[in-house]
Amino acid sequence: MKPEKAALSPILRSDTQGMILAQLFMNPGDDFSISELARQANTSAPTAMREVERLLESQLVIQRTVGRVRLIQVNTKHELHDAIRKIVAFSYGPAAVLPAALYGIEGLEQAFLYGNYAAYLKKERASDSPEIDLLLVGYMNRIEAANAAKRVEGYLDRSVNVKFVGSQEWETESSDFVVEVLQKALFRLLIND
């Protein structure tokens with residue numbers, strides 16, 4: 001599976017590379033298996049492995065082995081760490097950071113990026129807005145969910161606008177807002193998978 005050229009950041013080779021870098025650089029204290037990185041980047045394990053090998057060669061990441069599993073972590077001591085982190089935070093960061101921030105919120109069924117940033121991720125238009133529009137579907141504690149999303153704003157250096165939709169309203173498309181959102185770019189975040 002050959003990755004597509006990077007449409008979101010021309011500095012990077014592919015969007016797959018960008019999503020893998022974002023997962024690693026936006027979560028500097030976490031270890032990831034190759035299969036976790038592949039799932040987050042929506043690619044195959046062999047493709048993710050090739051990207052990780054390139055990152056290991058350049059010493060941007062480090063690895064440790066637990067049994068037969070290779071765990072990959074960003075090398076925070078690399079001279080380019082801060083510069084690369086800033087690039088991937090702008091280009092791919094919200095898709096990498098928000099799922100972890102939202103994980104475990106009871107009643108949250110689905111989460112989507114919509115609006116300008118979703119169109120950017122879907123390669124439909126340039127990102128001309130520093131704001132991230134986040135749609136949360138389900139019946140959850142809205143204050144808890146909004147606070148979880150707001151906590152990543154400083155990390156992303158962008159504001160996160162949160163909208164809530166009930167499950168039934170989403171499934172039946174019973175509001176003008178839902179109909180409008182569904183007609184435009186929508187990027188599903190993997191939060192409970």
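This is a predicted model: local features need pLDDT of at least 70, side-chain atom pairs count only at pLDDT 80 or more; totals for chains, interfaces and linings use all residues.
**Entry 1: salt bridges**

I searched the whole structure for salt bridges and got five.

Glu-51 and Arg-54 pair through their side chains, with an N to O distance of 3.4 Å. Both residues belong to helix H3, which covers residues 45-57. They sit three residues apart, about one turn of the helix. I then looked up how accessible each partner is. Glu-51 has 3% relative accessibility and so counts as buried. Arg-54, at 39%, counts as partly exposed.

The next pair I noted is Arg-70 with Glu-53, a salt bridge at 2.7 Å, N to O. Arg-70 is in strand E3 (residues 69-74) and Glu-53 is in helix H3, so this pair ties together parts that are 17 residues apart in sequence. Arg-70 has a relative accessible area of 21% and is partly exposed; the cut-off for buried is under 20%. Glu-53 is also listed as partly exposed, at 32%.

I also recorded Lys-150 with Glu-153, where the closest N and O atoms of the salt bridge are 3.4 Å apart. Lys-150 is partly exposed, with a relative accessible area of 38%.

**Entry 2: H1 against H3**

Having Glu-51 in hand, I checked what H3 packs against. The axes of H1 and H3 come within 10 Å and cross at roughly 65°. The crossing is right-handed.

From H1, the contact uses Thr-16, Gln-17, Ile-20, Leu-21 and Leu-24. From H3 it uses Thr-47, Ala-48, Glu-51 and Leu-55. Sorted by class, the residues are five nonpolar, three polar and one charged.

How much of H1 is buried? Eleven of its eleven residues are, so the helix is largely enclosed by the rest of the structure. The buried residues include Asp-15, Gln-17 and Gln-23 as well as Met-19, Leu-21 and Phe-25.

**Entry 3: nonpolar cores**

Which residues touch the most other members of the largest nonpolar core? I found Leu-24, Leu-102, Leu-113, Leu-134 and Leu-136, in a core of 53 residues. Helix H1 (residues 15-25) gives the most to this core, with six residues.

Leaving out residues up to four places away in sequence, Leu-102 touches Leu-108, Ala-111, Leu-134, Leu-136, Ala-145, Ala-148 and Ile-191. Two of these contacts, Leu-134 and Leu-136, are themselves on the list of residues that touch the most core members.

There is a second, separate core of nine residues. Among its members are Tyr-114, Leu-135, Val-165 and Leu-186.

**Entry 4: Glu-106**

Last, I looked at a loop residue. Glu-106 lies between helix H5 (93-102) and strand E4 (108-114). Is Glu-106 buried or exposed? Its relative accessibility is 69%, so it counts as exposed.

I listed its contacts, again not counting residues up to four places away in sequence, and got Tyr-139, Met-140 and Asn-141. I also took one distance: Glu-106 and Leu-189 are 16 Å apart in space, C-alpha to C-alpha, and 83 residues apart in sequence.

How values were computed. Residues are numbered from 1 along each chain as its sequence is written. Side-chain values use heavy atoms; hydrogens and water are left out. A salt bridge is a side-chain nitrogen of Lys or Arg within 4 Å of a carboxyl oxygen of Asp or Glu. Helices (H or I, at least four residues) and strands (E, at least two) are DSSP runs, numbered from the N terminus. Buried means under 20% relative accessible area, exposed over 50%, partly exposed in between (1.4 Å probe, protein chains only). A nonpolar core is a set of buried Ala, Val, Leu, Ile, Met, Phe, Trp, Tyr and Cys residues joined through side-chain atoms within 4.5 Å. Contact means heavy atoms within 4.5 Å. Axes are lines fitted to C-alpha atoms, for helices over the stretch in contact, and angles run from 0 to 180 degrees between N-to-C directions. A crossing is left-handed if the near helix is turned anticlockwise from the far one by less than a right angle, and right-handed if clockwise. Ala, Val, Leu, Ile, Met, Phe, Trp, Tyr, Cys and Pro count as nonpolar, Asp, Glu, Lys and Arg as charged, and the others, Gly among them, as polar.
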